[in-house]
Amino acid sequence: MAALTPSVTVAVVGAGAMGQGIAQVAAQAGHPVLLVDTRPGAAQAAVGSIAKALTALVEKGKRTAAERDATVGRLRAVDGLSDLAPAGLVVEAIVEDLDVKRRLFAELEGIVGEDAILATNTSSLSVTAIGAGVRRPERLAGLHFFNPAPLMALVEIVSGLATDAAVLDTLFDTAKGWGKSPVRCRSTPGFIVNRVARPFYAEGLRLVQEQAADPATIDAIAREAGGFRMGPFELMDLIGHDVNFAVTRSVHAAYFGDPRFQPSLIQQELVEAGRLGRKSGHGFYDHGPGAAKPAPHTAELAAKPDRLLVQGDLGPAASLVGLLREAGIAVEETAGPGLLVVDGVTLALTDGRTATARAVEDRIAPLVLFDLALDYAKASRVALAPADGTPAEALAVAAGLFQALGKAVSVIDDAPGLVVMRTVAMLASEAADAAMQGVASAADIDIAMTKGVNYPLGPLAWADRIGLPHVLAVLDALARTYGEDRYRASALLRRKISGGNRFHG
């Protein structure tokens, strides 16, 4: 099968935000679209909302009036499922309830033609389980859009156990023809994005629980050093804590209590308090009228050093050497274990150990660790963590070094792996496990995470850039520190290192 031609009618069941968005995408691609909802008037109202949204685009010069009118002209609200008989593709976007979805598809089988494709937009339910309720499960697949569907590029094409390969090919090519970035995956809990993204939230929540830093500071570090579009707390407030917490609980339960997906007591408390984020006016942040967002903790300006010693290869932080020279600091390079020494203070990129443990084990004092940055040249903030007992004067020397490069400095408590390195290592490990288990290819996983949740790099590509041995060292150090299976490194990551390979290339 090839992509569905624009002459094929697409039906969308469910006229909520997601169904409305999918209907708009299909209509913009040239398909006649039938929209139905059990709520009286909801489908017609959705058509009106789409027209309004398109009119706003016309006013901004992003669409022509003719394009708007053609798109709206392809949309038709219908009264019931029986009106969907002409559809060659039916996309379900209704409540996340397995029994309800099964009943819907069983009814649709008796209405649409034998060649029609049935697709579910479920984000959390098993496509295999949904397909088990129909007579011909081979024509049912997942077509998981991300909200808002007209804007988000990613579509997960999800195969159930019985889904026909030709159906998956057609959906993939159709989604691509609609201007989307489709990826293929198996029907496993969370598919790609909702599984692999869990550590992004979980590690931020863990750091707050351990009082390593406050949400505003962690968010700033994630954005300004890690290159993420939003920090974990900003994003959870946007998504809604009821939704985010429910997904985490669902994935945790689906994997039989795997500690990697353990929900957070902090987030549970927010949900219990009704602090759901932006939609309720309060989450980690106050979103009420006139409320000011708290500023991240930023170190006071310290003196710029005149010179420093670089001992060995700095690995993922090697670009700092050139930046320091450009800043007018005299740099001497010698052999060594990958350290910076300035005015008697030693700085090192985190390897997953706490600064306190590393200072003792490597016999270095005073020691200050610094965090990973996506690009040290472009990063506007860097996180530091001093070993216990580090004098304030030594910490000021470390801060002054990065401030001389034009970076804001956030000092956090001595948390293993700091913020960005710890988060990226956990994302990479989860992505590696998904690839190892055949959920999706390494390439599709990275596409999903960049297109679906706007990560600056796919986690596996990022692990390649950092160096797989360094990522593994961070994970193993986290596992030793906490003594929890939550931080176990993916077996595929270990295998890639043993074979001298990378995830890409």
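1. In this predicted model, Leu 309 has Val 341 of strand β11 as its bridge partner. The strands concerned are β9 (residues 307–311) and β11 (residues 339–342), which run antiparallel and are joined by three bridges.

2. The pairing of β9 with β11 belongs to an open sheet of seven strands, whose order is β10-β9-β11-β12-β13-β14-β15 and whose pairing is mixed. At its edges lie β10 (330–334) and β15 (408–411), each of which pairs on one side only. From one strand to the next, the twist averages 30 degrees.

3. A further set of strand pairings involves β1, β2 and β3. Strand β1 (residues 10–13) runs parallel to β2, and four bridges join the two. Within this pairing, Ala 11 has Leu 34 of β2 as its bridge partner. Strand β2 also pairs in the parallel sense with β3 (residues 75–77), here over three bridges. Leu 34 is again involved, with Arg 76 of β3 as its bridge partner.

4. How are the side chains of strand β2 (residues 33–36) directed, and are they buried or exposed? Val 33 and Leu 35 point one way, whereas Leu 34 and Val 36 point the other way, and all are buried. Such an arrangement may be read against the general rule that, in a regular strand, side chains alternate between the two faces of the sheet.

5. On annotation, an unreviewed UniProt entry places the feature "domain: 3-hydroxyacyl-CoA dehydrogenase NAD binding" at residues 9–186. In the model, the span of residues 9–186 is 39% helix and 21% strand, and its end C-alpha atoms lie 27 Å apart.

6. As to the protein as a whole, it contains 20 helices and 15 strands. Its radius of gyration is 25 Å, close to the 23 Å given by the globule rule for 505 residues, so the protein is as compact as a globular protein of that length. Taken along the principal axes, the box filled by the C-alpha atoms is roughly 80 × 50 × 40 Å.

7. Two overall values complete the description. Of the 505 residues in the protein, 54% are buried. Among contacts between residues at least 6 apart in sequence, 68% join residues at least 24 apart.

Key: Residues are numbered from 1 along each chain as its sequence is written. This is a predicted model: local features need pLDDT of at least 70, side-chain atom pairs count only at pLDDT 80 or more; totals for chains, interfaces and linings use all residues. Side-chain values use heavy atoms; hydrogens and water are left out. Buried means under 20% relative accessible area, exposed over 50%, partly exposed in between (1.4 Å probe, protein chains only). Two strands pair if DSSP finds at least two bridges between them. UniProt positions are given in the numbering used here, feature names are shortened, and annotations may be inferred rather than shown by experiment. Axes are lines fitted to C-alpha atoms, for helices over the stretch in contact, and angles run from 0 to 180 degrees between N-to-C directions. The radius of gyration is taken over C-alpha atoms; the globule rule is 2.2 Å times the number of residues to the power 0.38. Contact means heavy atoms within 4.5 Å.
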